[in-house]
Amino acid sequence: GKPAITCMLPVKNAAARKITTIEGVAQGSVLHRVQQAFVEEGAMQCGYCTSGFLISAAALIERTRMPSDAEIRDALDGNLCRCGVYLRCIRAVRRACEAMK
């Protein structure tokens, strides 16, 4: 239930843990509300950072239904984006939360 920076996580630390990848966030062909919001906000460009942002955002709204902007920024901190879509990512998380109302 917590995102991990997998490029820095030794495989032995993931043993016997449930792992959800970006492919596992959607329900079949139906996008997760965070994935849909990212599409709608144009919160992705090259795709390099997208998986990290999506997993972090999905985990955030699972534990905090209506996070503040500070909580969103904190949850997305550490995901580096070469294209600079940070503000669109924040808007996408807000949009995903609004979709839950």
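Modeller: The expected span of a helix is 1.5 Å times one less than its number of residues. The model here is predicted.

Colleague: What length does helix H3 reach from its first C-alpha to its last?

Modeller: H3 covers residues 50-63, which is 14 residues. At 1.5 Å a residue, 20 Å is expected. The span is close to that, at 20 Å.

Colleague: Which elements cover the buried residues of H3?

Modeller: Buried residues of H3 include Phe53, Leu54, Ala57 and Leu60. Thr50 and Ser56 are buried too. Their cover includes helix H2 (33-41), H4 and H5.

Colleague: How do H3 and H4 lie to each other, oblique or roughly parallel?

Modeller: Their axes are 9 Å apart. The angle is about 135°. Angles under 35 degrees count as roughly parallel and over 145 as roughly antiparallel. So H3 is, to H4, oblique.

Colleague: Which residues of H4 make the contact with H3?

Modeller: H3 passes H4 in a right-handed crossing. From H3 come Phe53, Ser56, Ala57, Leu60 and Arg63. The contact residues divide into six nonpolar, one polar and two charged. On the H4 side they are Glu71, Ile72, Ala75 and Leu76.

Colleague: Which residues of H5 does H4 meet?

Modeller: H4 (residues 69-76) and H5 (residues 86-99) pack at about 120°, with axes 10 Å apart. The two are therefore oblique to each other. H4 brings Asp69, Ile72, Arg73 and Leu76. They meet Leu87, Cys89, Ile90, Val93 and Arg94.

Colleague: How many charged residues are in the contact of H4 with H5?

Modeller: H4 passes H5 in a right-handed crossing. By class, the contact has six nonpolar residues and no polar ones. The charged residues number three.

Key:
Residues are numbered from 1 along each chain as its sequence is written. This is a predicted model: local features need pLDDT of at least 70, side-chain atom pairs count only at pLDDT 80 or more; totals for chains, interfaces and linings use all residues. Side-chain values use heavy atoms; hydrogens and water are left out. Axes are lines fitted to C-alpha atoms, for helices over the stretch in contact, and angles run from 0 to 180 degrees between N-to-C directions. Helices (H or I, at least four residues) and strands (E, at least two) are DSSP runs, numbered from the N terminus. Angles under 35 degrees count as roughly parallel, over 145 as roughly antiparallel, 65 to 115 as roughly perpendicular and the rest as oblique. A crossing is left-handed if the near helix is turned anticlockwise from the far one by less than a right angle, and right-handed if clockwise. Contact means heavy atoms within 4.5 Å. Ala, Val, Leu, Ile, Met, Phe, Trp, Tyr, Cys and Pro count as nonpolar, Asp, Glu, Lys and Arg as charged, and the others, Gly among them, as polar. Buried means under 20% relative accessible area, exposed over 50%, partly exposed in between (1.4 Å probe, protein chains only).
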